[in-house]
Amino acid sequence: MTNSTEYSVTTYNDFDIETNVNQTCKFDENTLIPHPNICQLYYNCSQAVSPLPIYIETIFSPNIPQVLRPAYLHECPYPELFSTTTMSCQNYTDVRYETKNKSDYPEVRTNFPCEFCRYAVPDCAGFTDGIHRNTYWSPQEEEYFECENERNIYSGQNPCSTNMAPYNGKCTDLFIIQQSIWQSGYAIDCSNRSNGNYKSEHVQKCDIYYTCVNGISTLTYCDSELVFDSKSSSCQNKTNVCTPCGSVVSGCE
């Protein structure tokens with residue numbers, strides 16, 4: 001069943017938007033009014049009490065009086081924007097306005113004190129599409145955010161599957177990535193090693209080895225049922241390889 005209510009649209013450009021909205025809504029409860037400055041906000045004259053929560057600062061700061069949102073004010077869910085063409089919330093790709101930052105949405109800001117908005121939901125303006133490390137948090141926190149068309153579409157801990165982590169914007173095998181202060185990874189560092197093949201060191205994984213060439217590390221997997229043998233610098237049957245990856249015990253020192 002569709003809603004057959006016909007809404008009219010009213011726009012205002014002067015600074016006293018709330019006064020004009022209240023006056024208009026008294027005469028026509030079916031009016032929708034786009035916010036003049038904030039593209040994801042609009043006024044719905046059929047609902048006087050705004051569904052948006054109060055500002056979070058007023059909850060945690062007893063000295064600040066609680067302030068309700070302006071009457072009739074509504075917000076599109078992130079990352080949608082209010083379209084004056086369809087008079088409804090639409091995906092940002094279908095609306096010509098340019099509200100990009102997730103922290104610009106009041107619904108988001110009420111979950112975090114405003115001064116911490118950019119820490120919890122970093123601004124993606126200027127970032128390429130993909131997953132990035134949130135450097136507002138300490139390295140131990142391992143917080144990330146994901147950008148798409150300069151919009152934050154994810155904020156939180158490692159979104160990749162087991163044994164993978166974001167690297168150069170994409171989920172990548174941890175055994176390919178070298179560890180650093182801001183980067184999780186298991187790959188060996190070849191910068192001070194001679195050219196050659198080396199076993200996995202940070203985490204024991206018997207069926208791989210690294211080839212160092214001029215300081216660059218390349219990961220290789222052994223064929224099925226084979227493990228890497230440091231003595232021969234190649235993949236061998238387990239019966240020919242020392243423990244713990246193989247079964248040979250004597251002569252392994």
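Hi everyone, let's start at a proline: Pro79 is placed in the loop between β4 (73–75) and β5 (81–83).

Pro244 sits in the segment after β16 (234–237).

How far can we trust the coordinates? The mean pLDDT of the protein chain is 80, and 75% of its residues reach 70 or more. Over residues 108–115, though, the pLDDT is below 50, and that stretch has 20 contacts in the model beyond near neighbours in sequence. Residues 56–60 also stay under 50, with 13 contacts beyond four places in sequence. Where pLDDT is low, the predicted coordinates should not be read in detail.

Glu150 is not a glycine, yet its phi is positive, about 65°. You will find Glu150 in the loop between β8 and β9 (151–157), and at 27% relative accessibility it counts as partly exposed. Asn214, another residue other than glycine, has a positive phi near 55°. Asn214 lies in the loop between β13 (208–213) and β14 (216–221), and it is exposed, at 66% relative accessibility.

Now for the rings. The count of aromatic pairs comes to four. One of them is Phe127 with Phe145, an edge-to-face pair at 5.2 Å centre to centre, with 85° between the planes. Phe127 belongs to the loop between α4 (117–120) and β7 (130–133) and Phe145 to strand β8 (residues 143–148), so the pair ties together parts 18 residues apart in sequence.

Arg193 lies over the face of Tyr198, 5.1 Å from the ring centre. Lys205 has its charged end over the ring of Phe175, 5.5 Å from the centre.

Last stop: which side chain of opposite charge is nearest to Asp229? That would be Lys231, 6.9 Å away. A salt bridge needs a distance within 4 Å, and Asp229, though buried, has none. Asp229 lies in strand β15 (residues 226–229). Leaving aside residues up to four places away in sequence, Asp229 touches Ser234, Gln236 and Val241.

Methods
Residues numbered from 1 in each chain as written. Heavy atoms only, no water. Helix = DSSP H or I, 4+ residues; strand = E, 2+ residues; numbered from the N terminus. Buried < 20%, exposed > 50% of the residue type's maximum accessible area, 1.4 Å probe, protein only. Lys, Arg positive; Asp, Glu negative; His and termini not counted. Contact = heavy atoms within 4.5 Å. pLDDT = per-residue confidence, 0-100. Phe/Tyr/Trp six-rings, centres within 6.5 Å; stacked < 30°, edge-to-face > 60°. Lys NZ or Arg CZ within 6 Å of the ring centre and 35° of its normal.
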